[in-house]
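Please take a moment with the sequence and the 3D view below. We will then walk through them together, one region at a time.

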Amino acid sequence: QMSIVPTLTSVRFRPLLGDGPDEPLCGVLEIGGCTPGAPAYTLLLDIGCTERFDLAALEALRTIAPSVDAVLLSHPDLAHLGGLAYAHGKLSLRCPVYATLPVWRMGQMFMYDAYQARASECAGRVDGFDLDDVDAAFSHVTQLKYSQTIRLAAKGTHGAVLSITPLPAGRTLGGAFWKISVEAEEILYAPDFGAEQERLLNPTSLASVRKPSALIATAHALSRELPPRKQRVAQLLDLVVGGLRAGAPVLLPVDSAARCLELMHTLDQHWTASKLGSYPIVLVSHTALNTLEFAKAQMEWMSDLVIRAFDSSGLPLSFKHVIPCHSLDELAEVLGTGSDADGKAKPASPAVVFVTTEGCDMGLSRSLLTEWLPQPQRLVVLTATGPASSNARRLFEAASANNGAGGMANSGKGGITVRLSRLVERALVGDALEAWQKRRA
């Protein structure tokens with residue numbers, strides 16, 4: 001005789017962050033058997049934070065952290081892993097953390113760059129964590145390859161029932177969506193993915209997974225209509241090159257180590273094809289050199305176009321025309337700015353300047369945006385809307401309302417007035433001080 005015992009699995013997803021557009025992402029996935037004694041799992045799906053490191057939103061993790069079995073990181077930007085160092089150092093999140101190798105490596109570049117940008121506005125420190133916390137948190141990350149499956153055991157049980165597998169998501173170097181399998185259930189976590197073939201990255205393989213039991217994905221961009229990629233790239237190149245030939249230095253605020261790579265690679269290839277080497281391309285970031293070197297060392301994670309180019313030429317990927325700068329003084333040397341013998345300011349030579357961070361709220365990008373905007377002979381190009389309530393978002397909305405520029409605004413046309421915010425340290429008093437002391441306890 002043979003008895004058949006049905007297996008039922010309950011799946012519950014709860015977003016802690018990210019239930020609105022442009023918010024950082026963090027969600028709790030609870031998977032458990034419906035029969036007595038069946039193992040139960042709690043997974044933390046991403047652990048994002050804002051560029052300004054608004055850490056209070058992560059306090060809900062304090063009570064959850066001891067029960068989390070694993071953290072899955074999907075992309076290297078702050079929206080997906082910006083809260084990891086704080087959670088590890090201050091919220092006692094000690095479970096295994098999984099990410100692909102590029103997400104692990106480029107995620108560190110994001111954290112180092114954003115930390116230094118934030119610290120530059122706040123007496124050299126960031127409240128809540130420090131760079132030692134960043135290093136400690138990332139030392140606990142297990143790096144996986146695409147399609148590599150790891151089996152997890154629930155706390156207090158023996159044997160592994162649940163398995164996790166990262167698969168290509170596109171959009172960022174090493175970006176992954178996660179296939180989570182338990183018994184007969186297959187759950188996909190795909191918060192952000194790129195459906196287009198790009199120069200540096202292949203599109204997502206999400207469509208190759210057939211009939212999952214559940215799909216967890218963001219839907220804020222479903223109503224967004226974009227022109228074809230080829231048209232968008234041509235528009236960007238025409239605007240940038242046109243500005244340079246008119247004698248205008250061009251500023252592009254970008255993220256630290258994700259979408260900026262695609263933008264720089266696109267311009268670098270165009271510079272070679274069109275012989276535009278007389279116009280420098282500069283990356284201004286606290287981690288500029290390391291970001292470029294780490295990206296060049298991860299060709300196996302890139303598109304078939306990059307691999308075929310390497311196979312045919314034998315030459316590895318290189319950002320040939322991109323000059324890394326780590327400070328405004330280094331940038332001034334490249335642009336030839338400063339004062340002449342008579343003490344008059346010298347105009348900047350035409351160049352493309354990529355600067356981090358994307359929101360222009362702090363550090364290098366805020367300083368350059370403040371300097372760039374009042375000068376009619378300079379050009380600012382926004383390739384993204386920027387984080388909510390950021391200076392980049394204010395500029396984008398003002399430019400779009402003024403001339404429908406679709407995210408590309410000329411600082412010298414249209415009479416745009418934009419109020420830029422900056423971070424200012426003030427002493428806490430009253431309830432705010434008491435709340436801070438409780439968080440630090």
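The protein chain has 13 helices and 19 strands; helices (H or I, at least four residues) and strands (E, at least two) are DSSP runs, numbered from the N terminus. What you see is a predicted model, in which local features need pLDDT of at least 70 and side-chain atom pairs count only at pLDDT 80 or more, while totals for chains, interfaces and linings use all residues. Residues are numbered from 1 along each chain as its sequence is written, and side-chain values use heavy atoms, with hydrogens and water left out.

Let us begin with the chain as a whole. Of its 441 residues, 48% are buried. Here buried means under 20% relative accessible area, exposed means over 50%, and partly exposed is in between, using a 1.4 Å probe and protein chains only. Among contacts between residues at least 6 apart in sequence, 70% join residues at least 24 apart; a contact means heavy atoms within 4.5 Å.

Now look for a sheet. Five strands form an open sheet in the order β7-β8-β9-β10-β11, with mixed pairing. Its edge strands are β7 (150-152) and β11, each of which pairs on one side only. Two strands pair if DSSP finds at least two bridges between them. Neighbouring strands of this sheet are turned by 25° against each other on average, direction ignored; the axes behind such angles are lines fitted to C-alpha atoms, for helices over the stretch in contact, and angles run from 0 to 180 degrees between N-to-C directions. Ile-150 stands opposite Ile-164 in β8.

Follow the chain to the loop between β10 (185-189) and β11 (214-216), where you will find Thr-204. Is Thr-204 buried or exposed? Its relative accessibility is 19%, so Thr-204 counts as buried. The side chain of Thr-204 has a polar atom 3.0 Å from the backbone oxygen of Pro-168, and a polar atom of this side chain also lies 3.1 Å from the backbone nitrogen of Leu-206. Both are polar contacts, meaning pairs of N or O atoms within 3.5 Å; within protein, one must be able to donate a hydrogen and the other to accept it, and residues adjacent in sequence count only if both atoms are side-chain atoms. Leaving out residues up to four places away in sequence, Thr-204 touches several others, including Pro-168, Phe-177 and Phe-193.

Next comes helix α6 (residues 229-245). With 17 residues at 1.5 Å a residue, α6 should span 24 Å, and its end C-alpha atoms are 24 Å apart, which agrees. The expected span is 1.5 Å times one less than the number of residues. Which residues of α6 are buried? They are Arg-229, Val-233, Leu-236, Leu-237, Val-240, Val-241, Gly-243 and Leu-244. Seen down the axis of α6, these buried residues fall within an arc of 160°, so they line one face of the helix; the arc is that of the directions from the helix axis to the C-beta atoms. An α-helix has 3.6 residues a turn, so residues three or four places apart point the same way. On the other side of α6, Asp-238 and Arg-245 are exposed. Just after this helix, Gly-247 takes a positive phi of about 90°.

Ala-257 counts as buried because its relative accessibility is 0%. Not counting residues up to four places away in sequence, Ala-257 touches Met-106, Met-109, Phe-110 and Thr-291. The C-alpha atoms of Ala-257 and Ala-295 are separated by 8.5 Å, though the two residues are 38 apart along the chain.

Our last stop is the loop between β17 (352-355) and α11, which holds Thr-357. The peptide bond from Thr-356 to Thr-357 is cis, with omega near 10°. Cys-360 lies in the loop between β17 and α11 too, with a phi near 60°, a positive value in a residue other than glycine. At 1% relative accessibility, Cys-360 counts as buried. Helix α11 (residues 363-372) is mostly covered, with seven of its 10 residues buried; among them are Leu-364, Arg-366 and Trp-372.
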